[in-house]
Amino acid sequence: MPVRSAEFAGAIAQPGQPPPDLLPEIAVAGRSNVGKSSLINALLGRKKLARVSSDPGKTREINFYRIDDRFHLVDLPGYGYAKVSKEVQRRWAPLLESYLLGNPRLLGLIVLIDSRHGLTRTDRRLIAFLGRVDVPVLFVLTKIDKLNRSGRQRAVAALRRELDLPEDQVLATSARTKEGTQDLLESLTHLIDSAAAS
Ligand SMILES: Nc1nc2c(ncn2[C@@H]2O[C@H](COP(=O)(O)OP(=O)(O)OP(=O)(O)O)[C@@H](O)[C@H]2O)c(=O)[nH]1
Ligand SMILES: [Mg+2]
């Protein structure tokens, strides 16, 4: 199902700040530079809705995109980028924590992993923290256009093995070629539909 409308709804820069409105949310998390903003644009069929960093570590706010007036896709600040000072990173943690923990609107999380690098220590730290957030998590490998067919299969298999994930909890995508983005959109729609039905 294609997205009919997508627009920037607002941002949160301070812990405890309210969201732009009370729609259900699906949040996109992952290391800086993993391709969060690019994937959001690819999903929505919009080139420049979410800002793609020429300077990694730039997305420092939580950005909300309103999709079909039904839910928010939420672009979380990337973390773990070496050039961003420890001081700035220390300020992000409370923002992320206050957003993610005890958020009744949050229906699901998408965790992005760079398919070329596999799980890094930073990814593992995030995943451990996300264990405290009680929502379904979908793992999405990014930038698969950089790998050949066997490399892709290896990346998916390694992630599934390391995190002990069922097949339907891992997707492989490219924002560049849009591979995998339809599947991801379907998973999101499914999540929203089943939440609406319950
Ligand atoms: N080849 C390729 N490059 C990609 C893909 N997705 C993103 N990139 C590139 O990776 C870089 C980072 O992309 P962003 O979308 O800004 O990453 P981000 O996770 O939003 O980064 P922060 O906002 O810093 O957390 C950019 O140079 C993108 O062009 C992809 O699917 N394939
Ligand atoms: Mg970004």
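Biologist: What is the place of Ser 38?

Modeller: Ser 38 is in helix H1, residues 36-44. Helices here are DSSP runs of H or I with at least four residues, strands are E runs of at least two, and both are numbered from the N terminus. This is a predicted model: local features need pLDDT of at least 70, side-chain atom pairs count only at pLDDT 80 or more, and totals for chains, interfaces and linings use all residues. Residues are numbered from 1 along each chain as its sequence is written, while chains are lettered from A and ligands numbered from 1 in the order in which they are written.

Biologist: Is Ser 38 buried or exposed?

Modeller: Ser 38 counts as buried because 21 other C-beta atoms lie within 10 Å. The cut-off for buried is 20 or more other C-beta atoms within 10 Å of the residue's own, exposed is 12 or fewer, and partly exposed is in between, with C-beta atoms placed from the backbone.

Biologist: How many residues apart in sequence are Ser 38 and Lys 143?

Modeller: They are 105 residues apart in sequence. In space, their C-alpha atoms are 9.9 Å apart.

Biologist: Let's move to Thr 173. Where is Thr 173 found?

Modeller: Thr 173 is in the loop between E7 and helix H5 (181-197). Thr 173 is buried, since 27 other C-beta atoms lie within 10 Å.

Biologist: Which residues does Thr 173 touch?

Modeller: Leaving out residues up to four places away in sequence, Thr 173 touches Leu 39, Val 140, Leu 141, Thr 142, Ile 144, Glu 179, Gly 180, Thr 181 and Leu 184. Contact means that the C-beta atoms, placed from the backbone, lie within 7 Å. Thr 173 and Leu 39 are 134 residues apart in sequence, but 8.2 Å apart from C-alpha to C-alpha.

Biologist: Now the whole chain. How many helices and strands does the chain have?

Modeller: Five helices and seven strands. From the N terminus, the elements run β-β-α-β-β-α-β-α-β-α-β-α. Buried residues make up 32% of the 198 residues.

Biologist: In what order do the seven strands form the sheet?

Modeller: The order is E1-E3-E4-E2-E5-E6-E7, in an open sheet with mixed pairing. Two strands pair if DSSP finds at least two bridges between them. Strand E1 (6-12) and strand E7 (170-172) are the edges, each pairing on one side only. From one strand to the next, the twist averages 25 degrees.

Biologist: In which sense do E3 and E4 pair?

Modeller: Antiparallel, over five bridges, with E3 at residues 62-67 and E4 at residues 71-75. Tyr 65 has Leu 73 in E4 as its bridge partner.

Biologist: And E2? How many of its residues are buried?

Modeller: Five of the five residues in E2 are buried. Glu 25, Ala 27 and Ala 29 point one way, and Ile 26 and Val 28 point the other way. In a regular strand, side chains alternate between the two faces of the sheet.

Biologist: How many bridges join E2 to E4, and how many join E2 to E5?

Modeller: Four bridges join E2 to E4, and the two run parallel. Val 28 has Asp 75 in E4 as its bridge partner. Five bridges join E2 to E5, also running parallel. There, Ile 26 is partnered by Gly 108 in E5.

Biologist: Which residues touch the most other members of the largest nonpolar core?

Modeller: Ile 26, Val 28, Ile 40 and Val 74, out of 39 residues in that core. A nonpolar core is a set of buried Ala, Val, Leu, Ile, Met, Phe, Trp, Tyr and Cys residues joined through C-beta atoms within 7 Å.

Biologist: What does Val 74 touch?

Modeller: Not counting residues up to four places away in sequence, Val 74 touches Glu 25, Ile 26, Ala 27, Val 28, Ile 62 and Phe 64.

Biologist: Last topic, E6. How many bridges pair E5 and E6?

Modeller: Six, in the parallel sense. The chain crosses from E5 through H3 to E6 in a right-handed β-α-β crossover. Right-handed means that, with the strands pointing away from the viewer, the path from the first strand over the helix to the second runs clockwise. E6, H4 and E7 also make a right-handed β-α-β unit.

Biologist: What stands opposite Leu 141 in E7?

Modeller: Ala 172. Three bridges join E6 to E7, which run parallel.

Notes. Axes fitted to C-alpha atoms, helices over the stretch in contact; angles between N-to-C directions. Contact = placed C-beta atoms within 7 Å.
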